[in-house]
Amino acid sequence: MSNKDLSKQIITLVGGEDNVNSVFHCATRLRFKLKDSGKADKATLEKTPGVITVVENSGQFQVVIGNNVGQVFDQIMKETSLQDADKNGKDEESESTGILGKAVDIISSIFSPILGALAGAGVLKGLLALILSLEWISNTSGTYLILNAASDSVFYFLPVFLAVTAARKFKANQFVSVAIAGALIYPAVIAAVGAPDKLSFLGIPIVLVNYSSSVIPIILAVWVQSYVEKWFRSIIHESVRNILVPMFALLIVIPLTFLAFGPVGSLISDGLASGYTWLYNLSPLVAGAIAGAFWQVFVIFGVHWGFVPIMLSNIATLGSDTMLPILAAAVLSQAGAVFGVFLKSKNTQLKALAGSSTLSAVFGITEPTIYGVTLKLKKPFIYACISGAVGGAIIAAGGARAIAFSLPGLLALPTYFGSGFAWAAIGIAVAFVLAMVLVFVLGFDDPEAEAAEKPSEPVVKQEGTRIDKEAIASPLSGKLLPLDSTPDEAFASGAMGKGIVIEPSSGVLTSPVNGVVTTVFPTGHAIGITSEGGAELLIHVGVNTVKLKGQHFNKKVKEGERVEQGQLLLEFDVEAIRAAGFVTATPVIVTNSASYLDVLMNTGTDVKNGELLLTLIN
């Protein structure tokens, strides 16, 4: 379905816009904070075309989309009012999230929006170093000056970028946050670093450090800024609030940052870099094997964000980072494993998914690979972890290091240029090839072709010597009622055929079968479908809703269109229809039920979209 349709269905299935506290996205997934996760229909979401999987982690309801997550997120912003950060009040953390979950959430919220810029600038920086070493340009030329500025600006002004994203997370004034970051890297301040004359503020000595490329000081400063602004907003009259609150925030936070947060943050950064270096130097080979083996496990649980500040701190304080090349082996091992699935699988749908996932994994995006293929098949994921350990050990033993941050993947190779580059290339190649070979030789449980073509479909045509069955999935979520409960006599009497009634809990109507749309009423209130097994179905939303003349209905298909079970057919506003005085009870009728020995109904009281609704006995 289109990004617009997908965004609407996602919002509906997470419980509606009113159930969303906040939403943002990273490289491959939408990250929701829901008021009540019990209202979300996770099973149906996982079956939705365009959704790879759904993960609940660290207090977040994460919908994995893949590379086009940005476009889906943009559609959500257009179709809803969720871009208004104050719409649902404060974005409170779940009490059950825990300290680690909250820390991961804060780090991911702050760093994920700028990863693209960091990665692109990092690759450009690596390419520039390669070009310079080959003596294609001079480091005194205007060409080098401009390209170096383009590649280095993101890292030099990193506190400014982090000020924006941290302000969004902590609900502080973004422009004040940027002003604080600007003060940290103000030219006169940078020039004073290392000067023989010691500076003080109101008699208090200032420990000046170079805050360009720093991470932790600005995050601490913006966090404190959010509380300072909150307190002053509560005591200052609204007539002068817009002037005095920023003034007091600047007046208080900037000196505190230079006196306390900055030095403390720099010490934390230095400590993280030194601690990692100490552990790495104990045994590079063991460190490389462990990181290469378990990195994708960290990705699954979402805790990989905790390593981003360490990588950036290493580059800022040490000039390079040894972790990033090792992680490239972990990423490329997943690419090799999924490519092995592509080569070996006889399942056409799995083969197509594996092919596209290989490409995204090669360039550093592994979520579609993991959730869509390797983790589902289990064995390929294990083979990839083993191969990542081997490749990571080779890279670490060779002393490879990254001179700039970038997403681990093939495009990041230029950032590893220098000492140990050959070992990085060898380790990455070994990780890819070994994973591919292990998958191809040792194999995996390849789903049968028919099952793969209908992965989430409960509609199974069982053919035997004595009896055939065809199952019909529910097109709606809601309460089940007998057919004779509908106030429409034509349906209640069974004259139109046997069936069942659903009182919908949401206005998302999907196809109950694989088949062809035979009828779409111009008003959108009723749809007819003929299944591949020959069942003729009529879905009629409400009673006398034809009188609405299409109001509150949004058709998604047309007559003659072939549809898959679970495909979105129609959206309708349940509450608006009820408010207009119409009954929304929806009959699902088998109009050719006389052709069957029996039509068996779901005996439950409630049903979810996609669950078994009717069984036709032939």
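Predicted model: local features only at pLDDT ≥ 70, side-chain atom pairs only at ≥ 80, totals over all residues.
Two packed helices are described by the angle between their axes and the distance between the axes. For helix α8 (residues 174-184) and helix α10 (residues 216-235), the axes come within 10 Å and cross at roughly 140°. An angle over 145 degrees would count as roughly antiparallel and one of 65 to 115 as roughly perpendicular; α8 and α10 are therefore oblique to each other. The crossing of α8 past α10 is right-handed. The residues that make this contact are set out below by helix.

| Helix | Residues in the contact |
|---|---|
| α8 | Val176, Ser177, Ile180, Ala181, Leu184 |
| α10 | Ile218, Ala221, Val222, Gln225, Glu229 |

By class, the residues of the contact of α8 with α10 comprise 7 nonpolar, 2 polar and 1 charged.

Leu251 belongs to helix α11 (residues 238-282). Its relative accessible area is 56%, and Leu251 is therefore exposed, the cut-off for that class being over 50%.

Helix α7 (residues 158-170) has 13 residues. From its first C-alpha to its last, α7 reaches 18 Å, close to the 18 Å expected at 1.5 Å a residue. Buried residues in α7 are Leu158, Pro159, Leu162, Ala163, Thr165, Ala166, Ala167, Lys169 and Phe170. After α7 comes Lys171, with a positive phi near 60°.

Terms used. Residues numbered from 1 in each chain as written. Heavy atoms only, no water. Axes fitted to C-alpha atoms, helices over the stretch in contact; angles between N-to-C directions. Helix = DSSP H or I, 4+ residues; strand = E, 2+ residues; numbered from the N terminus. Parallel < 35°, antiparallel > 145°, perpendicular 65-115°, else oblique. Left-handed = near helix turned anticlockwise from the far one by under 90°. Contact = heavy atoms within 4.5 Å. Nonpolar A, V, L, I, M, F, W, Y, C, P; charged D, E, K, R; others polar. Expected span 1.5 Å × (residues − 1). Buried < 20%, exposed > 50% of the residue type's maximum accessible area, 1.4 Å probe, protein only.
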